[in-house]
Amino acid sequence: MKKVLLIYGLLVLGIIIVAVLQFRGVNLLPQIGGNNATVTISEQKFSVEVADTDEERIKGLSERKSLEKDRGMLFIFEQKGKYGFWMRNVNFPLDLIYISDSKIVDIIKNAEPKALDAKDIPVFEPEVDANFVLEINGGLSDEFKFEIGNDVIFENIN
């Protein structure tokens, strides 16, 4: 009987600790891909991590060794603009898909990573304004035949 009470007591204590930490903003269960966030283009679905803060956008996919074929990072901007991207400390080429009004408006294919001094790193810029940018593995835009004007479906993007 004492063991059962001890177990219940520890369980209640654990729940209280988790509740207090969550209340203070500590995320104990981070979700990969931002709450199962997905982006679908031409029937190709990508689980995405959402970058919607300056810190997340600056870090992007840097320092990662690779990216699974069905994964990506979605950059969300509050206003449309010609947002440039650099590939500092990115270890693999990326396709940058610029999206506005749920349509592809520009694609930069196979942006090559650079680990040079920051002043020597090229910035990849779109031709038109967009408020979303999807980064996926380089070459996938050609493989899946993505084109300007393709519809884009967002799911679980907060």
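Some terms, then. Helices (H or I, at least four residues) and strands (E, at least two) are DSSP runs, numbered from the N terminus. Two strands pair if DSSP finds at least two bridges between them.

A word on the source. Residues are numbered from 1 along each chain as its sequence is written, and side-chain values use heavy atoms, with hydrogens and water left out. The model is predicted: local features need pLDDT of at least 70, side-chain atom pairs count only at pLDDT 80 or more, and totals for chains, interfaces and linings use all residues.

Now the chain as a whole. The protein chain has 4 helices and 9 strands, and along the sequence they follow the pattern α-α-β-β-α-β-β-β-β-β-β-α-β. Of its 158 residues, 34% count as buried. Buried means under 20% relative accessible area, exposed over 50%, and partly exposed in between, with a 1.4 Å probe and protein chains only. Among contacts between residues at least 6 apart in sequence, 72% join residues at least 24 apart; contact means heavy atoms within 4.5 Å.

Back to the sheet, and to β3. Strand β2 (residues 44-51) pairs with β3 (residues 71-81) in the parallel sense, over 5 bridges. Ser 47 has Arg 71 of β3 as its bridge partner, and Val 48 stands opposite Gly 72 in β3. Strand β8 (residues 130-137) runs antiparallel to β3, and 5 bridges join the two. There, Ile 76 stands opposite Phe 132 in β8. As a general point, side chains in a regular strand alternate between the two faces of the sheet.

Asp 95 sits in strand β5 (residues 94-100). A salt bridge is a side-chain nitrogen of Lys or Arg within 4 Å of a carboxyl oxygen of Asp or Glu. The side chain of Asp 95 does reach backbone nitrogens: that of Asn 110 at 2.7 Å and that of Ser 141 at 2.8 Å. Leaving aside neighbours within four places in sequence, its contacts include Ile 108, Leu 134, Gly 139 and Asp 142.

Asp 142 is in helix α4 (residues 140-143). Its C-alpha atom is separated by 9.3 Å from that of Asp 95, 47 residues apart along the chain. The side chain of Asp 142 makes a polar contact with the side chain of Lys 109 at 2.6 Å. A polar contact is a pair of N or O atoms within 3.5 Å; within protein, one must be able to donate a hydrogen and the other to accept it, and residues adjacent in sequence count only if both atoms are side-chain atoms. Asp 142 counts as partly exposed, at 42% relative accessibility.

Last, the salt bridges, of which the structure holds 7. One of them joins the side chains of Lys 45 and Glu 155, at 3.4 Å, N to O. Because Lys 45 lies in strand β2 and Glu 155 in strand β9, the pair ties together parts that are 110 residues apart in sequence. Lys 80 forms another with Asp 101, the closest N and O atoms being 3.0 Å apart. This pair links distant parts of the chain, with Lys 80 in strand β3 and Asp 101 in the loop between β5 and β6, 21 residues apart. Lys 80 is partly exposed at 43%, whereas Asp 101 counts as exposed at 59%.

The side chains of Asp 151 and Lys 103 also meet in a salt bridge, at 2.3 Å, N to O. Asp 151 lies in the loop between α4 and β9 and Lys 103 in strand β6, so this pair ties together parts 48 residues apart in sequence.
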